[in-house]
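Here is a briefing on one structure. Look at the chain first, then read the points by topic.

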Amino acid sequence: MLIALIARDKPGALQTRLDNREAHIAYLKSNGVVSQAGPLLDDDGGMIGSLVILDVEDMQAAKDWAENDPYAKAGLFSGVELIPWKKVI
């Protein structure tokens with residue numbers, strides 16, 4: 001099951017993102033469920049959130065993955081959405 005994780009950073013939280021980026025990227029690579037991932041950007045190219053496509057067994061697995069993301073544990077996000085997604089192209 002593919003799940004799109006869309007997370008928005010809290011305002012003014014760029015340093016939290018930068019401080020936890022290495023751990024976050026290692027987490028993305030560590031468990032084999034991330035199909036695609038990258039930061040959401042503002043008009044100036046600054047990082048303001050995350051988009052991660054998870055390939056997991058069910059929604060609970062996606063929730064568990066999201067809760068254990070180092071960014072989430074650091075309190076970076078103002079909100080996280082988990083939305084079932086269908087790859088067409």
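Two strands pair if DSSP finds at least two bridges between them. Helices (H or I, at least four residues) and strands (E, at least two) are DSSP runs, numbered from the N terminus. This is a predicted model, in which local features need pLDDT of at least 70, side-chain atom pairs count only at pLDDT 80 or more, and totals for chains, interfaces and linings use all residues. Residues are numbered from 1 along each chain as its sequence is written, and side-chain values use heavy atoms, with hydrogens and water left out.

**The sheet**

- Four strands form an open sheet in the order β2-β3-β1-β4, and their pairing is antiparallel.
- β2 and β4 are the edge strands, each pairing on one side only.
- From one strand to the next, the twist averages 15°. Axes here are lines fitted to C-alpha atoms, for helices over the stretch in contact, and angles run from 0 to 180 degrees between N-to-C directions.
- Seven bridges link β2 and β3 in the antiparallel sense.
- Within that pair, Val34 stands opposite Leu54 in β3, and Gly38 has Leu51 in β3 as its bridge partner.
- The hairpin of β2 and β3 has five residues between the strands, and Gly45 takes a positive phi near 90° there.
- β1 and β3 also pair in the antiparallel sense, over seven bridges. Ile3 stands opposite Leu54 in β3.
- β1 and β4 pair in the antiparallel sense over seven bridges. Leu5 stands opposite Leu82 in β4.

- Val80 lies in strand β4, which spans residues 77-84.
- Buried means under 20% relative accessible area, exposed means over 50%, and partly exposed is in between (1.4 Å probe, protein chains only).
- Not counting residues up to four places away in sequence, Val80 touches Leu5, Ile6 and Ala7. Contact means heavy atoms within 4.5 Å.
- Val80 and Leu5 are 75 residues apart in sequence, yet 6.8 Å apart in space, C-alpha to C-alpha.

**The helices on the sheet**

- α1 lies across β1, β2, β3 and β4, and runs at about 15° to β3.
- α2 lies across β1, β2, β3 and β4 too, running at about 155° to β4.
- Helix α2 covers residues 59-68, and its buried residues are Ala62, Trp65 and Ala66.
- Seen down the axis of α2, these buried residues fall within an arc of 100°, so they line one face of the helix. The arc is that of the directions from the helix axis to the C-beta atoms.
- The cover over the buried residues of α2 includes β1 (2-9), α1 (14-30), β2 (34-41), β3 (47-55), α3 (70-73) and β4.
- At the start of α2, a side-chain oxygen of Asp58 comes to within 3.3 Å of the backbone nitrogen of Gln60.

**Arg17 and its partners**

- Arg17 is found in helix α1. Arg17 is buried, with a relative accessible area of 1%.
- Which residue meets Arg17 in a salt bridge? The side chains of Asp9 and Arg17 meet in one, at 2.8 Å, N to O. A salt bridge is a side-chain nitrogen of Lys or Arg within 4 Å of a carboxyl oxygen of Asp or Glu.
- A search of the whole structure finds one salt bridge.
- Side chains of opposite charge can pair when their charged atoms come close.
- Asp9 is buried, and so is Arg17.
- The side chains of Arg17 and Ser50 are joined by a polar contact of 3.0 Å. A polar contact is a pair of N or O atoms within 3.5 Å; within protein, one must be able to donate a hydrogen and the other to accept it, and residues adjacent in sequence count only if both atoms are side-chain atoms.
- Leaving aside neighbours within four places in sequence, Arg17 is in contact with Asp9, Pro39, Met47, Gly49, Ser50, Tyr71, Leu76 and Phe77.
- Arg17 and Ile3 are 14 residues apart along the chain, and their C-alpha atoms are separated by 22 Å.
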